[in-house]
Amino acid sequence: MNFTNDPTRLLLLAGLALAYALVCLLPYLRQRHKRRAALLARAQAGQSPAWLVAYASQTGNAEQLARQTHATLALAGIAARLCELSELTAAELQGAERALFLVSTYGEGDAPDAGAAFAQRLLGGELALGQLHYAVLALGDRAYKHYCGFGRALDHWLAGQGARALFPRIEVDRSAEAAIAQWRQQLSHLAGTSDAPDWAAPAFAGWRLAERRLLNPGSAGAPLYHLELEPQSGALPDWQSGDLVQVAAPAEPDRPREYSIASVPADGRVHLLVRLLRHPDGTAGLASGWLCLQAAPGEVLPLRLRPHRRFRLEDNAELPLILIGNGSGIAGLRGHLRACALAGRGRVWLLFGERNAAFDAHYADELAGWRETGLLERLDLVYSRDQPQRRYVQDRLAEQGAALRDWVARGAALYVCGSLDGMAAGVDRVLREQLGGAALDALAAAGRYRRDVY
Ligand SMILES: Cc1cc2nc3c(=O)[nH]c(=O)nc-3n(C[C@H](O)[C@H](O)[C@H](O)COP(=O)(O)O)c2cc1C
């Protein structure tokens, strides 16, 4: 008689295996139940949660993933504190049992604005973190020299302070979905839940290219196009000034390009400013060439909106505004100006830089109109090549130090949109000189100094 073919024996074996599995599983399940009950009780008692979810994000990718991480923990009954990295104190870090960090990288491998204060305050120094278990999700782009530089530096610093990694750092190259799925999987495992919601980004929708015109014929700079798009479905989604869109070019659908929206929903269309890039060999950039040259008016493009909370007006909507930018950076500022015009408000100071007034005076009529209606209390247009010596928007700002301090004393919020190296770094330097570094950091922490720079 074959042992394994005997049905009675087989049943007996299966029963034994099941009983063994239960014996092994029961303590685990009991333990898990206890852990969740303790966490829940702790949360209900209003005590500080043992888990932290801290993010440092410039354009919202890391922030969105942090919110999803936090929501997944909440589903599993784990009360975590969700905060910006800059809000974290040394004492909080030392009091936490588990911390999840989701951070992106800017500049030369630096922290985004929202992580700069933390990096300055803590990263260089020593802190005993032997009690802490942590994980890092580092967002970046392999095209940059210091890939995920800030996430890596944070990880090394935490390990150097005795904190123990829950799992190795996960690096996300340009929002790569596989890496995000890996983080989600680790998280489900940590939280002991298999019912984590799907984190897939919203799908692209079809938008019709309704209009395209060249803004700067004859310019010494690369061609800059104004594009207008309408949703193919006819239903205009909602957005706020400051938000972005992602456009997926057919040649590279997995590397969508981001553009600031230059309009508000009341315009009925998404307006974009797209600079046509050329490679050294003269060929057009894949995405910008397609948007500016190849796509025919009437063609339908895949596009999705992306909230950019750090660049919205939000609580600053009632405050005086100083808008500073250059080149295609007028896009994000124009969104805010159109929102302000709609709200019928004034007290806006625009400082904008380009090359030559004759070719690069984008939206000149619109700006002149807003100067007349009083929306623009001040308008400074700085053309770098209209005089023998180059002059930039930051030079004008430096000359206007007294006015700048006066506006800030009146409660103004500052918005900077445009190139990081050519403009935003110079503007930041002047702001530090004129207002003082600590005052500027305080403005940033209060959400009154916001940047959309690239
Ligand atoms: C101006 C600029 C500079 C950047 N510098 C770096 C860098 O040095 N290293 C890197 O890995 N990624 C760099 N990135 C890519 C961002 O980290 C990446 O787009 C990330 O997804 C942004 O996440 P966030 O929206 O949370 O800020 C840079 C992006 C921009 C726009």
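How many nonpolar, polar and charged residues does the shell around the ligand have? By class, the shell has 10 nonpolar, 13 polar and two charged residues. Here Ala, Val, Leu, Ile, Met, Phe, Trp, Tyr, Cys and Pro count as nonpolar, Asp, Glu, Lys and Arg as charged, and the others, Gly among them, as polar.

## Before you start

This is a predicted model: local features need pLDDT of at least 70, side-chain atom pairs count only at pLDDT 80 or more, and totals for chains, interfaces and linings use all residues. Residues are numbered from 1 along each chain as its sequence is written.

## Around the ligand

The ligand is surrounded by 25 residues, and Ser57, Asn61, Ala62, Ser104 and Gly140 are the closest. Helices (H or I, at least four residues) and strands (E, at least two) are DSSP runs, numbered from the N terminus.

The UniProt record, an unreviewed entry, annotates residues 51-188 as "domain: Flavodoxin-like". Its positions are given in the numbering used here, feature names are shortened, and annotations may be inferred rather than shown by experiment. Over residues 51-188 the chain is 41% helix and 23% strand, with the end C-alpha atoms 15 Å apart.

## A parallel sheet

Let's turn to the strands. Five of them form an open sheet in the order E15-E14-E13-E16-E17, with parallel pairing; two strands pair if DSSP finds at least two bridges between them. Strand E15 (376-383) and E17 stand at the edges with a single partner strand each, so one side of each is left without a neighbour in the sheet.

Strand E16 (residues 413-418) is largely enclosed by the rest of the structure, because six of its six residues are buried. Buried means that 20 or more other C-beta atoms lie within 10 Å of a residue's own, exposed means 12 or fewer, and partly exposed is in between, with C-beta atoms placed from the backbone. Ala413, Tyr415 and Cys417 are buried on one side of E16, and Leu414, Val416 and Gly418 on the other. Five bridges join E16 to strand E13 (residues 321-326), with tyrosine 415 as the bridge partner of leucine 323. E16 also pairs with strand E17 (residues 449-453) over five bridges, where cysteine 417 stands opposite aspartate 452.

## An antiparallel sheet

Six strands make another open sheet, ordered E10-E9-E12-E7-E8-E11 with antiparallel pairing. Its edge strands, E10 (257-260) and E11 (270-275), each pair on one side only. Four bridges join strand E9 (residues 244-247) to strand E12 (residues 300-306), and leucine 244 stands opposite arginine 306 in E12.

Where is glycine 218 placed? Glycine 218 is in the loop between strand E7 (205-214) and strand E8 (224-231). This glycine 218 is exposed, with 9 other C-beta atoms within 10 Å.

The axes of helix H13 (residues 420-435) and helix H14 (residues 437-445) come within 6 Å and cross at roughly 115°. Such axes are lines fitted to C-alpha atoms, for helices over the stretch in contact, and angles run from 0 to 180 degrees between N-to-C directions. Leu431, Arg432 and Leu435 of H13 make the contact with Gly437, Ala439 and Leu440 of H14. Two residues are in contact if their C-beta atoms, placed from the backbone, lie within 7 Å. By class, the contact of H13 with H14 has four nonpolar, one polar and one charged residues.

Note on methods
A residue is near a molecule or strand if its C-beta atom, placed from the backbone, lies within 6 Å of it.
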